[in-house]
Structures are given as structure tokens and as C-alpha cells.
Number of protein chains: 2
Amino acid sequence: MKGLGITGGAGMMYGAMSAIGLAPAATAEPFRAPSLGDLVGRAPGHHSVTVLGAGPAGLCTAYELRKAGYDVTVLEARLRPGGRVWSIRDGTRETDLDGETQRCTFAGGQHLNMGATRIPQGHVTLDYCRELGVEIQAFPNHNANALVNYTSDTPLTKTSITQRAARADTFGYVAELLQKASSSGSLDDVLSADDKVALAEFLKDFGDLGSDGRYVGSSRRGYLSEPGAGTDYGTRLPPPPSLSDVVRSGIGRNFGFDLEHDQAMMMYTAVGGMDRIYYAFGRTLGSRVNFGTVVTAMRNVPDGVTVDYTSGGVARSITSDFVVCTLPPHLVERLRTNLPPAVLAALRAPRPVASGKLGIEYSTRWWEAEQRIYGGISNTDKDIREIMFPYDNFHGARGVVVGYYNTGRRQEIFEPLRHRDRLAKALAEGSEIHGDSYTKNIASSFSGSWRRIQYSESAWASWSSRSPEYKLLLQPVDRIYFAGDHLSNAMSWQHGALTSARAAVSAVHARAAGLH
Amino acid sequence: MKGLGITGGAGMMYGAMSAIGLAPAATAEPFRAPSLGDLVGRAPGHHSVTVLGAGPAGLCTAYELRKAGYDVTVLEARLRPGGRVWSIRDGTRETDLDGETQRCTFAGGQHLNMGATRIPQGHVTLDYCRELGVEIQAFPNHNANALVNYTSDTPLTKTSITQRAARADTFGYVAELLQKASSSGSLDDVLSADDKVALAEFLKDFGDLGSDGRYVGSSRRGYLSEPGAGTDYGTRLPPPPSLSDVVRSGIGRNFGFDLEHDQAMMMYTAVGGMDRIYYAFGRTLGSRVNFGTVVTAMRNVPDGVTVDYTSGGVARSITSDFVVCTLPPHLVERLRTNLPPAVLAALRAPRPVASGKLGIEYSTRWWEAEQRIYGGISNTDKDIREIMFPYDNFHGARGVVVGYYNTGRRQEIFEPLRHRDRLAKALAEGSEIHGDSYTKNIASSFSGSWRRIQYSESAWASWSSRSPEYKLLLQPVDRIYFAGDHLSNAMSWQHGALTSARAAVSAVHARAAGLH
């Protein structure tokens with residue numbers, strides 16, 4: 001088999017790690033997670049590691065170190081695991097850095113993933129779900145029945161059409177245009193006669209072209225009413241807009257999304273909220289995770305690292321052989337440390353990114369009942385950028401719609417608003433896409449903007465993994481190691497945090513084993 | 001909102017039916033299924049209906065008639081509900097018309113949908129899932145990580161590549177070609193200067209083209225190893241094949257599938273097997289469904305219909321006011337009836353279609369662990385046509401892969417084979433696509449070919465819903481009404497059977513109410 005996009009995941013990583021004795025023995029069917037007794041070896045002697053942060057990187061670090069018998073202590077400022085993998089539920093209470101407090105009153109079983117919500121198939125995140133027994137389910141990253149609504153200079157401006165119709169019309173006209181060019185001979189310098197025959201066959205199917213090579217609409221656009229019994233042949237949509245209107249309206253501007261390496265279907269998520277993964281990590285660590293402990297200082301000392309923190313208002317200190325620091329870099333830079341100036345400069349290099357979401361809990365699932373939308377994303381060039389429909393509780397009594405999920409400039413518009421104003425703007429824009437139902441039967445709502453959320457102050461880091469500052473932070477500072485998605489080529493993804501944690505574990509383990 | 005592809009489903013159908021008093025009253029939140037007491041009216045007097053067949057059409061007919069107070073009796077030859085919606089599980093035992101008996105030994109929790117396995121969002125099937133409380137989940141009809149493997153006259157012949165790479169390369173070159181034609185002015189008769197600017201913007205994104213308008217590969221093709229921590233930038237696939245090789249190999253020949261009205265994602269299925277829907281229908285009907293009753297005759301008599309059947313080898317007879325006959329048309333034609341010759345001819349008109357599946361139960365989920373394929377379909381032009389990976393039990397100990405699902409000529413190759421030879425052929429072809437793992441760790445298997453399955457003898461009917469014969473069967477013969485997916489514009493779909501049942505119910509009800 002050539003060209004398979006197979007990635008290694010946990011297995012492949014363990015293969016590499018087995019050289020330093022960290023690989024678990026082969027497990028028998030049925031699958032069960034590796035545990036301490038499965039390890040083929042340990043670093044000689046006793047070693048203690050303090051892990052700063054109980055997000056994905058911190059918990060994975062502690063979990064893997066535990067397998068090899070390390071004495072692990074995790075310090076976490078928040079009262080929950082997961083960091084930016086934060087699932088909002090009934091009872092969630094958060095005061096943002098502007099001082100506004102929100103309390104979530106979602107009904108039982110409802111949640112909003114404020115941070116990570118998707119897992120691509122190639123990501124090691126799935127291997128940890130398997131290892132920890134966290135159930136996964138499909139995440140509808142694309143839905144032909146969701147809508148697009150964009151501004152343009154055509155009659156299609158600010159008009160909602162289904163993703164299905166947008167695809168049919170865009171692909172139809174693209175196929176027609178290319179068939180026309182091919183037939184006319186204008187591509188004969190690059191297409192042989194055989195190529196043209198094969199291309200024509202593809203384009204006819206891809207664009208659903210007529211025998212004359214023209215696109216004149218297609219059942220792929222969808223129906224106003226579904227074909228049914230007897231002589232109910234269904235009601236087709238009106239004829240498609242003109243070629244020029246389709247092309248200039250740009251209704252296909254987001255089609256690349258579903259082709260991206262990290263976004264193409266199938267995509268997955270953790271059943272019940274993405275934070276379930278980190279609660280599962282946390283359960284393996286028990287009281288080794290210390291919630292409500294706010295780190296204030298971190299200093300290399302002779303033969304160890306001393307970390308100062310407060311817990312319940314009381315100043316405390318812990319000295320261990322090593323520290324793995326998974327706090328966001330711009331927050332590490334604010335700690336009292338004895339880090340060298342170049343490292344402090346490197347910690348300042350990643351720019352904190354603005355991103356946020358707003359969840360709207362409805363007491364009726366109008367998107368399913370009225371609009372036949374079961375999950376998926378509507379796209380727009382309005383400030384809300386996209387609307388995401390629930391991926392679970394289908395046919396239930398209620399559901400939480402993501403009223404916006406945006407990044408950068410568009411999130412900077414919502415960020416300074418108080419929650420009620422964010423909601424009002426989201427409803428105003430969303431109702432222009434999905435109609436009056438969008439503003440009715442709202443039970444509750446919750447929003448967050450990561451630059452305004454304590455202990456994160458950033459959605460993720462924006463910087464280059466080729467920069468000297470990045471590469472500097474890959475190196476330990478004496479006995480302090482850094483880890484996190486910002487030190488990976490999957491920034492903003494759990495995979496980045498988890499692989500970075502595994503790299504830190506390998507480095508600590510190799511050093512403790514005296515191998516270099 | 002213009003152009004929304006919204007379909008009515010149960011709600012809309014009820015809207016139409018309310019004219020004759022069959023609509024349930026509005027239900028309160030949280031949703032609960034309508035029941036007898038919810039009905040706004042009943043047909044005057046007492047009416048009995050015998051329903052032939054407990055597949056989707058028969059059960060839906062009985063269920064809806066019950067709501068309006070009809071005295072309903074369902075006769076079903078099989079010992080289970082669902083008809084061609086048949087989920088194979090541990091304990092399933094079936095002797096085909098060639099006399100071969102298979103016994104299913106799948107582990108608990110495993111199943112194979114021998115018939116219907118998908119539900120499009122627009123189908124009324126989903127409304128019945130909601131109404132009956134049958135849980136649904138996503139069905140991965142497309143997966144970028146699944147494979148394509150086709151015969152061609154290029155170096156890509158019989159080579160497995162990911163759907164992801166096939167899309168990236170096909171779309172990349174299509175975009176490059178159209179950009180070239182547009183830039184050269186050869187489409188200036190149909191593209192204005194503004195159109196060309198907008199088209200270029202779309203094509204650059206759609207094909208992931210370089211700034212020179214060329215396609216030279218893209219991260220969208222996938223990685224040999226996933227980008228990870230530190231300086232692990234991932235390993236890209238080798239450069240893409242040439243434009244000519246991609247076009248002539250036809251790796252995009254199945255892309256139209258995911259654009260079809262009935263197949264575009266998101267698609268859904270019933271949790272635990274599609275037959276769960278019909279067990280749920282059956283529970284509402286209780287002992288009104290008589291399993292193991294084989295109909296032998298059906299005759300209009302004065303003021304009623306008499307049906308002869310055998311039950312436990314004993315000949316019996318039932319006379320009721322009406323019959324709704326949902327048996328396959330070619331099996332109705334074999335009954336002893338007093339149907340007119342034109343109706344008998346019409347019953348012979350639909351051609352029984354050959355289609356079938358083979359399920360392979362593996363004791364390891366190698367497709368997930370080794371190939372990072374979580375659900376979805378690999379396509380080929382081999383006789384197996386496609387391989388479908390499990391949509392549930394992700395990360396479980398085992399799973400059932402559909403080793404082929406094909407129709408027509410390709411199924412006619414498998415149909416006459418005994419099961420062991422079907423399996424051998426499926427494994428030989430499948431292993432050429434997915435490698436050696438395909439032939440290992442096989443726990444059990446089960447296959448069926450619908451033309452050889454008793455009481456069906458056809459996967460579905462092939463005929464035109466515009467034909468005179470079709471239209472003739474839409475009319476009752478005195479007090480006998482016909483229903484089934486073969487009398488709909490959604491043949492082979494549950495939606496067709498269910499809407500046809502609803503049409504039959506409406507017709508019987510209108511007649512019973514004396515409205516015409």
C-alpha cells in the first residue's frame with residue numbers, strides 16, 4: 001500500500017520510547033489501559049517531579065511519569081482538570097478578568113466545550129481516549145443541511161442557502177467551466193486526448209452535468225419537500241443562480257475547511273464533553289493533583305527546583321528533582337524565577353490569541369424539527385463567523401447551540417462586551433441566518449473569551465515552531481522542562497499538548513536514567 | 001431565507017393529514033410520542049384492518065391506524081419485525097433459498113445491518129425515531145482516512161490511497177486546470193473580469209494552489225507521520241502523482257456519492273442496529289403482530305377481505321374490512337388472489353434487484369489502531385465494490401466490517417457462492433486494499449444476498465415511479481391497498497416504505513370516514 005496517511009499514535013510513540021524503558025508490555029485482548037505493573041523498566045533510583053498545570057500537557061506528563069514510577073505532584077490553580085479543555089455545565093461559575101461573573105444553568109446532560117471540541121483521527125488524543133476508557137463519538141464538522149450566508153455583490157448576498165446547494169452549484173459550474181475549456185482545446189498543451197476523456201467522465205459526475213456539459217441544477221441541491229409516496233415526486237428548489245452570481249458570491253469560500261488535514265471528516269469528540277478525558281487522567285492520579293494551588297515562583301536550586309505556591313491563601317513551597325512547567329508561556333514569564341533573560345524573552349514571544357465561544361441553550365431543538373439540521377456548522381462572514389449545532393442528545397428536549405466561535409479580529413469585537421451584549425449580537429446575526437426560531441425558546445446562555453479567562457489569558461499561542469525562541473524553550477533550563485501545545489506543531493490542539501508532554505517525559509526520563 | 005432545503009417530515013405530513021382528523025394534538029416539552037389519547041378525531045364506527053407484513057411499511061401502517069382506533073392485525077411470516085431492515089446478531093440463524101444455513105456467532109454488542117443502514121436527515125425515518133424514542137447516532141458515510149483502490153492504466157492502478165489524498169490531488173489539479181484556462185482568457189466569453197477574480201480566489205483555496213496557480217501537493221494529502229512536539233514537523237507523503245496520472249486513474253470517480261441528496265453527510269443510523277426502530281414499532285402493537293404467519297391467499301369478498309395463512313402449520317383465515325398489503329410485489333403475485341389480470345401484471349413489473357452484504361467480525365480493531373480509520377467507506381472497482389468500517393464500539397475489543405456491499409452485476413457474482421467462498425473472495429480482494437491485517441484475527445462472519453432470502457427474494461424493486469403499472473398499484477383493488485418502498489420515490493429507503501404506509505393509512509382512513 002502506497003501513500004497511506006497512517007500515523008503512529010501512542011503505539012508508534014511507545015515504540016520510540018521503548019529504547020529508554022518506558023514502553024508498556026503488549027496488552028492482551030480485550031483492551032485494557034496500561035498500568036504500573038505493565039512497564040518493562042524504570043529509571044533507577046527515586047525521582048520526584050513537580051508538574052505545573054493540570055491541563056492536557058500537565059496531566060499527560062504526570063500520567064506517563066507515574067507509569068515509570070516517578071513521584072509526581074501536580075499543582076493546578078483551578079479547581080478542575082483540563083485547562084483550556086473546559087466543558088461548561090450546570091453549576092459552572094466563572095468570573096472573568098473584567099470582573100463579570102457567569103453562572104451556567106444548563107439542564108442536566110447539556111454542555112458547551114468552551115475550548116477543544118474536536119479530535120482528528122490521526123491525533124494521539126484518540127489513543128488516550130482508548131487507554132483511559134473515555135468513550136468517543138462522531139463530531140459533525142460538516143453538514144450538507146447546515147447553511148452558508150455571506151455578503152456579496154450578487155443577488156445571493158446575505159441569503160441563507162444550504163451547504164448542500166452551495167456545493168452542488170459551485171461544483172456544477174466549476175465542472176461546466178472546466179469541461180468547456182477542455183472541449184474547446186484550450187488546455188491541449190497539458191491534457192492528452194485520453195486525459196480529456198477521463199476528465200470529462202469525472203466532471204460529468206462531479207458537477208452532475210447534463211449530456212451537453214451544462215450545469216442546470218441537480219437533485220443534489222436538495223428539495224423544498226422530500227420525495228415520498230406514490231406520485232409525490234418532491235418539490236425541487238428553484239433553478240440555481242447564474243454562474244456569475246455563484247462564483248462572485250463566494251458561497252464556496254469555506255469548502256477548503258473540510259479538506260484540511262486537521263478538519264476533514266470523520267472527526268470525533270469525547271462523549272459528554274471533551275473535559276471527560278482530563279477527569280479520566282485525573283482519576284489515575286488521585287490526590288497527586290492539587291487543585292487551587294497558585295504557583296508564584298519557580299527557581300532552579302542546587303540539585304532540584306523549588307516552586308512556591310499558595311493554597312487556600314497559605315504560602316507553600318515544594319522542592320523536587322525536576323519541574324515540568326505546562327503553564328502558558330506569557331504567564332510563566334510573570335512568575336518570580338531565576339530563568340535566564342533569553343528564556344524570559346522567549347516566553348514573551350508567543351502572542352496570545354483572542355478566541356471564544358457563546359453557547360445558547362434552547363428548550364426546543366428547532367434546528368432538527370424545523371430545519372432538518374442534525375449537527376454541523378453554518379458559515380457566515382458576519383462577526384459570529386459560524387454557528388455549531390449540537391453533536392449529541394439528538395431528538396432530546398433541548399440543546400446548546402454554539403452561537404459563535406471565532407478568532408482574532410472577530411472575537412476582539414465580542415471580547416470587551418458583557419455577556420448579555422454578546423448574546424444580543426449573536427442572536428441578531430444568527431437570526432439573519434436561521435430565522436426567527438433563533439431568538440425564541442432560549443433557556444440560558446454562557447460565553448467566554450480566552451484572553452479574559454484567568455489562568456489562561458490566551459486561546460492559544462501564535463508563533464512559529466521554526467523560530468529561535470521556540471527552539472530555545474524546547475531545551476530544559478537546568479532541571480526545568482517546558483511543555484504544552486505551544487511547543488508543538490499542533491498548536492491549539494490537544495495532540496500538541498499531549499505529544500509535547502510525552503517529549504518532556506522522554507527527556508526527563510532519559511536524564512534521570514543517566515543516559516545523557 | 002431563500003432556498004432552504006427544509007423538508008416536512010412527520011410534522012408536515014400530519015399537517016396534511018389533519019384535514020381528515022388523524023393529526024395528533026401539539027405535544028408539550030419534553031417530547032413524548034403521540035398516543036391514542038392525543039388524536040383529535042377518529043373515523044366513525046368500528047373498522048378492522050389486516051396488515052400483511054411487519055416490515056417498515058406494515059408496522060408503520062398498523063401503528064398509525066392504531067392511533068385512530070382501528071382494529072389492527074399484522075401477519076408476518078418471519079419471527080421478527082423489520083423485514084429487510086434486518087440486523088444480524090449473535091444467535092441469528094438463517095437458511096437461504098439455496099438451502100445453506102448460517103448461524104451468527106458475533107460477540108455481544110456486535111451487529112451487521114444486512115439491509116438498511118443509513119438515514120438521511122430529510123427522511124421521515126428520523127421523525128419516527130424521535131416519536132418512538134429510538135436513539136440515533138452519526139453514520140460515517142465518508143471518511144478522509146478510508147481508502148480508494150481502482151484499476152487504471154496509470155501507475156496508480158490497484159494502489160491504495162486515502163480518500164483524503166485522492167480529494168486533495170483531484171481537486172488540486174482540477175483547480176489548477178481551471179485557473180489556467182481562466183487566466184489564459186479562453187473562458188472570457190462566459191467569465192467577466194470580476195468573475196475571474198472571484199473564481200481565482202475560490203480555486204486557490206479549493207485546490208490549495210501555490211501563488212503561481214500550480215498544484216504541487218498539500219498537507220491536505222495527509223502525513224506519513226503526524227506533526228508532533230518540538231521539531232517533529234511530521235513526515236509528508238511523497239509528492240503527488242502527475243496531473244495526467246491523477247485524471248486518468250479516476251481516483252475521484254466516487255466523489256459524487258457524498259454530494260447526492262440521499263447520501264451527503266451528515267447521515268444517521270439507529271444505535272445498536274437499524275432494526276431497533278421496528279422492535280420499537282412492534283412494542284406499541286404488542287400481540288397484534290402475529291409472527292410466523294405465512295399468507296397464502298388474499299381475496300376481496302363482499303364488504304371485506306379474506307386472508308388465508310398458516311400459523312405453526314395450521315391453516316387459518318381472517319376477514320377484515322380492509323387489507324393493507326406490504327409484501328414484496330413479486331411475492332404478492334404468487335398468492336392465491338382474485339386480483340384483476342392488470343393488477344397481477346403490474347405486480348410482476350418491478351424487477352427484483354440483487355444486493356447483499358458480508359460482515360466480518362474481527363477480534364481486533366486493526367483499522368483504528370493501525371490505519372487510523374474510524375468508520376467510513378473504502379471504495380474500489382473490485383467485485384466487493386466497497387468496505388464499510390464500524391460506526392460504533394470505537395476502541396472496543398472487536399468489530400464487524402462490511403466486507404462487501406454491492407448491487408447488480410457485482411452481487412450476482414457473490415450470490416451463487418456458498419458463504420465460505422464469499423468470505424474467501426472478500427478477504428482476497430479486501431486484503432489487496434487494506435493489507436495483511438484484513439485476513440487476520442477473524443472471529444466469525446455472516447453474509448446474505450437478498451434475492452436468496454426467503455420472504456424477500458429481492459433487495460428492492462427496480463421500476464419507474466412514472467410507469468402505468470406503478471400508478472395502477474397506487475389504487476386500491478376494492479378493499480385491498482398496497483404499500484411499500486416500491487410504491488414511493490424513495491425506493492430501497494425506509495422513508496419510502498414509511499411514507500407509502502402513511503399514504504395507505506390516509507386512503508383507508510378517508511374511505512372509512514366516508515369522505516369519498
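**Exercise 1.** Are B:Glu131 and B:Lys67 buried or exposed?

*Solution.* Start with the ground rules: this is a predicted model, where local features need pLDDT of at least 70, side-chain atom pairs count only at pLDDT 80 or more, and totals for chains, interfaces and linings use all residues. Residues are numbered from 1 along each chain as written, chains are lettered from A and ligands numbered from 1 in the order written, and side-chain values use heavy atoms, leaving out hydrogens and water.

Now the reply: both B:Glu131 and B:Lys67 are buried (buried is under 20% relative accessible area, exposed over 50%, partly exposed in between, with a 1.4 Å probe and protein chains only).

Next, look at their side chains: they meet in a salt bridge of 2.6 Å, N to O (a side-chain nitrogen of Lys or Arg within 4 Å of a carboxyl oxygen of Asp or Glu). B:Glu131 sits in helix 3 and B:Lys67 in helix 2 of chain B, so the pair ties together parts 64 residues apart in sequence (helices are DSSP runs of H or I, at least four residues, strands are E runs of at least two, and both are numbered from the N terminus).

**Exercise 2.** Find the side chains of chain A that B:Glu226 touches through polar contacts.

*Solution.* First, locate B:Glu226 in the loop between strand 11 (223–225) and strand 12 (235–236) of chain B. With a relative accessible area of 10%, B:Glu226 is buried.

Then check its partners: A:His123 at 3.3 Å and A:His261 at 3.0 Å. (A polar contact pairs N or O atoms within 3.5 Å; within protein, one must be able to donate a hydrogen and the other to accept it, and residues adjacent in sequence count only if both atoms are side-chain atoms.)
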